[in-house]
Structure formats: structure tokens, C-alpha cells
Amino acid sequence: MTLEDLGYNSELEKFRTENTLDDFEIGRVVAEHRERYIVRTAESELEAEITGNMRFTAKGRTDFPAVGDWVALSPFDSGVAIIHKILPRFSMITRQAVGQFGEVQIIAANIDYAFLVQAVDRDFNLRRLERYLTLCNSSKLSSIIVLSKTDLIDQARIPAILEQITTRIRNVPVIAVSNETRDGYEAIKAVMEKGKTYCMLGSSGVGKSTLLNNLSGKTLMKTDTISQSTNKGRHTTSHRELIVLENGGILVDNPGMREVGIADSTDGLEITFDQIAERARYCRFKDCTHTSETGCAVIEAVENGTIDRAALENYLKMEREKAHFESTVADRRKKDKLFGKMVRNYKKDLKKNKY
Ligand SMILES: Nc1nc2c(ncn2[C@@H]2O[C@H](COP(=O)(O)OP(=O)(O)OP(=O)(O)O)[C@@H](O)[C@H]2O)c(=O)[nH]1
Ligand SMILES: [Mg+2]
Ligand SMILES: [Zn+2]
């Protein structure tokens, strides 16, 4: 396998040569298990850890390698290596870390496209789809919606469901698939390009790993039946994994997500809800909240049916989450700054008292 097969490109090569990384090997992180990384190089697969210095200087989760990352590493024993540097990421999907407000978690790095997988039976939910879309749009990723388990419903219902999606979410391709009958597989294969990286995002139990296994022709990921009593997935996949398919596409499996917190400081919401953002320019007040103001062009559009009321409600909910996230991040920075100042003063005092 060459590095190009893993998605390596001229931008990365330029960085490598300009940053005197000649003494290192280059590889891509294909799996992570608690700060131990499986890195695929042109020659082999290595188990790697980061340098002590990298861990020490890391300011947050994003300074650690993630699946999909390109790293410069040095093997020191057979099959074992030390990661010295993470090459610049061209994209990074992050979400708010569960239970750690104001901290982000990397879902995957250097992803070109995201497959947003939703099962057509009980999992189907437009609001959640918009949430995933926002996540991807804030990372400037193109998304493809994958509607799975189509074998579980009456085939005649599928076109209406597809239309429901495309009227609410425009400009995003939708592919209906069944991992049982393999309907839609040709369409999935057709959208995949050689050397491009695709990740799969969605709830637990929607069939992400089954899709990966079927496309690869191997049982690479464990899959499991979903719990009969709750009809919820069991979180079968517990780690992320990157594989290269026969068609040249690179696919990353992710564990199912329970919640998708908005950790968006960019314009992900505006891209996802472009119709709302567009109408908002005509609101009478510049700081219009689109909730009850007179002269609100967005509310007017909802009333005359051009904008879906449920879409606006979802937008406003995520907007509030985003504001809350941003203020938490700001608080955190302030605390870190204060702490830094305290440490500096302490060191200064130490120096002063030195004799
Ligand atoms: N009927 C039907 N069952 C499917 C389909 N795809 C997956 N399944 C079944 O759904 C269950 C869950 O599939 P997985 O592939 O493990 O789901 P996952 O999305 O990887 O789940 P997590 O790893 O927990 O996130 C398994 O029992 C699969 O056999 C499908 O298209 N149709
Ligand atoms: Mg899985
Ligand atoms: Zn308004």
C-alpha cells in the first residue's frame, strides 16, 4: 500500500519537506485505543504513542492525534513507534465532549465527506439529521445522507420519505440503502472517489459497521443485533477505525453517537439553515431573535409556508446551545489565563527571592 492509497497528497508532502521531517516516517492514524494509536505507514502498521513533550504541551483534546490524522513518527522497536508531530489537518469534525462542557472532542480528522447514516425505521428524525449536518457544515465538510434498513419498511413508502428529506434539507444528496438486500450499494460506491476519506456518523445500531463490512467484503468490525427491549443500539463499535476499500475510497467507522452537542464557533448553522439565514437579512431589527419581533422576515416566511416551522424551532434551539457553548469556552479561557498569570507571578517571586 502506498501513502497515496491512504489519502496522502501534495499539500502534505509540501509540509513534510518544508518542515525538515526527513528523519521521520509518515503514517496515518487508523485506530485509537486510549492514547495508543495504530498508525499505517507505506510499509507496515505500527503501534504508537506520542512524545512526553507533546502530551505536556497539549492545551486540549485537539492537540492529540485522532483517527484520520497524518503523523510524523519514528519506529524504535519492531512494530512500535513514537509520534513526534501531527501534520496540519485540512478538516476536523469535532463535537462538544460528553460531560465536559466547553471542551471539544475530535470525531475524525482529514475527512472529505461524511455519510450521515439514519435508519428508516425507528431512528428516522429530521431534526437529528439537521444537527449532524450542522456538525459537518461547521467543519466545511460535504455530507451525503444515507437512509439505511430500507428492507424493513414497505418499499412503496420510500419515495415519500426521500421527498420529506429533500424538501427540508436541500442540496444534500440522499442515498437509500439496505444492508440486507444491498439495494443502493451501487449508488454508495459511485459517490466514493479514490483517495478520498469518508466517515460514517449516526446513532448506534443504524448499520454503519455492517455497511463497512459489506463494502470491504470482510468482517472487519464487530456488529450486533440491537436490543429488543429498547430498540436502541448497544454501542457495538467502541473505537474509530479507518480502512481502505477496494474501490480506493477510505472509510472511517465511528461509534454510534448518543448526543450531538453543538461545539460550533463558525457558521455551520447558517450553512445548514441557509434559507433562514437568507430571510434573516430582511428582518427589521439587526439583532432579531426570530421569535416574536414585529417585522421578522423569518417568522413571516414560516407563516406563508416557505420555511418549515420545525426547522426554525430546531435552528433556534441549536443557536441557543451554540451561544451557551461559546460563553463556556470564554469562561474557560479566562480561567486558564488567570492560572497562567498566577504561575508566572509565582516564578517571578521565586527568582526575586533567589540569593
Ligand atoms: N434489516 C436490516 N438490518 C440491518 C441493516 N443494517 C444493519 N442491520 C442490523 O442492525 C444491527 C446493528 O448494525 P451495526 O452495523 O452493528 O450498527 P452500527 O451503526 O455499527 O452500531 P454502533 O457500532 O453501535 O454504532 C445488526 O444486527 C445488523 O445486522 C439493514 O440494512 N437492514
Ligand atoms: Mg458499529
Ligand atoms: Zn427575524
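A search of the whole structure finds zero disulfides, a disulfide being a pair of cysteine sulfur atoms within 2.5 Å. This is a predicted model, in which local features need pLDDT of at least 70 and side-chain atom pairs count only at pLDDT 80 or more, whereas totals for chains, interfaces and linings use all residues. Residues are numbered from 1 along each chain as its sequence is written, chains are lettered from A and ligands numbered from 1 in the order in which they are written, and side-chain values use heavy atoms, with hydrogens and water left out.

The zinc ion (ligand 3) is coordinated by C283 through SG, C288 through SG, H290 through ND1 and C296 through SG, at 2.1 to 2.4 Å. Donors are N, O and S atoms within 2.8 Å of the metal (3.2 Å for Na, K and Ca); water is not among the atoms, so sites may look incomplete. The four donor atoms subtend angles of 104 to 115° around the zinc ion (ligand 3), and the arrangement is therefore tetrahedral; for four donors, that term requires all angles to lie between 85 and 135 degrees. Along the sequence, the donor residues of the zinc ion (ligand 3) follow the spacing C-x4-C-x1-H-x5-C. C283 and C296 both lie in the loop between α8 (274-280) and α9 (297-303), so the pair ties together parts that are 13 residues apart in sequence. Helices are DSSP runs of H or I with at least four residues, strands are runs of E with at least two, and both are numbered from the N terminus.

C283 is buried at 10% relative accessibility, and C296 is buried at 4%. Buried means under 20% relative accessible area, exposed over 50%, and partly exposed in between (1.4 Å probe, protein chains only). Y282, in the loop between α8 and α9, is partly exposed at 48%. Y282 and C296 are 14 residues apart in sequence, yet their C-alpha atoms are 7.5 Å apart in space. Leaving aside neighbours within four places in sequence, Y282 is in contact (heavy atoms within 4.5 Å) with G295 and A297.

The charged side chains come next. The structure holds 16 salt bridges, each defined as a side-chain nitrogen of Lys or Arg within 4 Å of a carboxyl oxygen of Asp or Glu. One of them joins K194 and D5, with an N to O distance of 3.3 Å. This pair links distant parts of the chain, 189 residues apart: K194 is in the loop between α5 (185-191) and β11 (197-201), and D5 is in the segment before α1 (10-18). K194 counts as exposed because its relative accessibility is 59%, whereas D5 is partly exposed at 24%.

Other salt bridges lie within single helices. E13 and R16 meet at 3.0 Å, N to O; they are three residues apart in helix α1, so about one helical turn separates them. E13 is partly exposed at 28%, while R16 is buried at 16%. A network of salt bridges links E13, R16 and D22. In helix α5, K189 and E186 are likewise three residues apart, or about one helical turn, and their side chains form a salt bridge at 3.9 Å, N to O. K189 is partly exposed, with a relative accessible area of 35%, and E186 is exposed, with 60%.

Technical notes: Four donors count as tetrahedral if all angles lie between 85 and 135 degrees; four count as square planar and six as octahedral if opposite donors are over 155 degrees apart and all others between 65 and 115; anything else is irregular.
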